[in-house]
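User: I've got this one open on my screen and I'd like to know where the labels come from. Can you take me through them?

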Amino acid sequence: MVAENLISSAILPLKTSDTGKEALRTMEDFFVRHLPIVNDKQLLGVISEDDIFLHDVEEAVGSYALSLIKPYVKSSDHIYEIMRLLSENQLTVIPVVDNDNNYVGMISMEDVLNYFAKTSTFSEQGSIIVLEMQRRDYTLAEISRIVESEGAQILSTSIISDHNSTLIDVTIKVNRSNIQSIIATFERFSYEIKASFNESEYLESLQERYNSLMNYLNI
């Protein structure tokens, strides 16, 4: 999935003539805390809710004395690059530009979440296993072989690592609700099972986190 397929058509960017009050109203309507400012097709930067409150909300945002951050993604950038920039810059939206650096739209954090919610990682039935291991011991081929030896398949994998540690967490989703035999096989091969969730537990936990995030975005 690339950026051009995730562009939101509902949210419009700010013009330099838009007032701070108008910007805040748009942010409130769409549950975001950032908006790009565009002059014709030129991306000037991204303004935040906090930026506006430091100025007169009755004045046009183009009159504000701002040192705008200017993160953006290209239309052809992968969704992982979108996620990285959203996270690094703590943004709720990110602008998209074409190969000539002309503004073409924006992607919200909610757009990204909705995309992942529709993928097989979340939509297909299954269970979650989290393995803790040394970075040097990680091999997806062996993990897959163990899962498949129990008649199951891996639907998705992800790795969480800490640069200050040699340990990593490998999260796998398998297409089975009953995973006791898979866990037993991992343990037989000396894998450390950090956590496991059956489908109902996982979806309930995921829904709680999603609701918490939506509540946070609504603040």
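Analyst: Here is how some of the labels come about. This is a predicted model, where local features need pLDDT of at least 70, side-chain atom pairs count only at pLDDT 80 or more, and totals for chains, interfaces and linings use all residues. Residues are numbered from 1 along each chain as its sequence is written, and side-chain values use heavy atoms, with hydrogens and water left out.

User: Why is Asp-40 called exposed?

Analyst: Exposed means over 50% relative accessible area, buried under 20%, and partly exposed in between (1.4 Å probe, protein chains only). Asp-40 comes in at 71%, so exposed it is.

User: And what makes Leu-113 partly exposed?

Analyst: Its relative accessible area is 24%, and partly exposed covers what lies between buried and exposed. Leu-113 belongs to helix H4; helices (H or I, at least four residues) and strands (E, at least two) are DSSP runs, numbered from the N terminus.

User: How do you know that S1 and S2 pair?

Analyst: Pairing takes at least two bridges found by DSSP between two strands. S1 and S2 have six, and they run antiparallel, so they meet that definition. Pro-36 sits opposite Val-46 in S2.
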